[in-house]
Amino acid sequence: MADPFLIGEAMTGGYGKGPDILHECTIAVDKGEIAVIVGPNGAGKSTAMKAVFGMLDVRSGAVRLDGREITALSPQDRVARGMGFVPQTSNIFGAMSVEENLEMGAFIRRDDIRGTMEQVYDLFPILRDKRHQAAGELSGGQRQQVAVGRALMTQPQVLMLDEPTAGVSPIVMDELFDRIIEVARTGISILMVEQNARQALEIADKGYVLVQGRNAHTGSGKDLLADPEVRRSFLGG
Ligand SMILES: Nc1ncnc2c1ncn2[C@@H]1O[C@H](COP(=O)(O)OP(=O)(O)OP(=O)(O)O)[C@@H](O)[C@H]1O
Ligand SMILES: [Mg+2]
């Protein structure tokens with residue numbers, strides 16, 4: 001069977017000389033798909049994202065993108081290969097304007113970025129209105145839009161999002177999910193961690209439940225939502 005477009009396969013590793021946090025953890029996403037990682041606090045969801053993005057020494061296992069092994073590449077090199085990452089925290093420059101944040105996002109590009117910036121503004125019209133405001137002055141949901149927009153500026157083939165809806169209201173969460181679905185429909189793969197497990201699995205082609213750095217349950221979003229054990233343990237019944 002062909003490899004998924006992006007796969008972190010049987011990743012084992014931790015921070016520095018510390019103990020392993022991930023234990024043979026496998027995460028994958030196909031072209032234009034939405035894959036969602038859920039699980040309890042401290043399960044290693046962010047660590048798994050960092051491992052896929054090259055911010056963690058993977059002691060064993062491999063990461064492959066479009067059939068090529070990228071396990072040894074730096075995060076910068078992965079961006080050059082088409083990966084974008086929005087980390088869980090510190091994902092914008094608060095003192096810089098919205099537009100400057102988008103320009104910073106395009107740092108690796110040598111070509112004209114204005115078309116991409118217009119696409120980001122079309123996706124998140126409020127950012128066009130606020131383009132000259134300091135990003136730090138925006139609401140939580142708008143700051144997350146800046147973070148996602150910034151990652152889109154490199155025209156990634158895979159967009160990795162660590163808790164894009166953290167701290168936003170249910171309405172803003174629904175809106176962000178709609179925008180994320182829109183991005184996926186353009187053929188970009190989405191790999192995201194979500195605290196709002198039920199809502200995220202509803203839009204997920206693939207779902208991963210991680211527990212203590214291991215794959216506990218894997219399936220389509222629909223299958224996981226219907227799984228009595230997943231419902232009881234992770235979705236509040
Ligand atoms: N920079 C770090 N250095 C050392 N240990 C870390 C570091 N970051 C996370 N850990 C540890 O790794 C484990 C997994 O943390 P991680 O942040 O990946 O979990 P998570 O599933 O993303 O949790 P949350 O839902 O709270 O975001 C935890 O035991 C945590 O203490
Ligand atoms: Mg996390």
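Trainee: What should I know before starting?
Mentor: This is a predicted model: local features need pLDDT of at least 70, side-chain atom pairs count only at pLDDT 80 or more, and totals for chains, interfaces and linings use all residues. Residues are numbered from 1 along each chain as its sequence is written, while chains are lettered from A and ligands numbered from 1 in the order in which they are written.

Trainee: OK. At what angle do helix 3 and helix 6 pack?
Mentor: About 35°, and their axes are 7 Å apart. Helix 3 covers residues 98-105 and helix 6 covers residues 140-152. Helices here are DSSP runs of H or I, at least four residues, and strands are runs of E, at least two, numbered from the N terminus. Axes are lines fitted to C-alpha atoms, for helices over the stretch in contact, and angles run from 0 to 180 degrees between N-to-C directions.

Trainee: Which residues meet there?
Mentor: Val 98, Asn 101, Leu 102, Met 104 and Gly 105 from helix 3 meet Val 146, Gly 149, Arg 150 and Ala 151 from helix 6. Contact means C-beta atoms, placed from the backbone, within 7 Å.

Trainee: Which residues of helix 3 are buried?
Mentor: Val 98, Asn 101, Leu 102 and Gly 105. Buried means 20 or more other C-beta atoms within 10 Å of the residue's own; exposed means 12 or fewer, and partly exposed is in between. Seen down the axis of helix 3, the buried residues fall within an arc of 100°, so they line one face. The arc is that of the directions from the helix axis to the C-beta atoms.

Trainee: What covers them?
Mentor: The cover includes helix 4 (114-123), helix 5 (125-129) and helix 6.

Trainee: New topic. How much of helix 1 is buried?
Mentor: Eight of its nine residues, 45-53. Among them are Lys 45, Ala 48 and Phe 53. Gly 54 follows helix 1, with a positive phi near 90°.

Trainee: What does Ala 48 touch?
Mentor: Beyond neighbours within four places in sequence, Ala 48 contacts Gly 8, Met 11, Leu 22, Cys 25, Ile 27, Ile 37 and Leu 210.

Trainee: And Ile 181, buried or exposed?
Mentor: Ile 181 counts as exposed, because it has 12 C-beta neighbours inside 10 Å. Ile 181 sits in helix 7 (residues 170-185).

Technical notes. Two residues are in contact if their C-beta atoms, placed from the backbone, lie within 7 Å.
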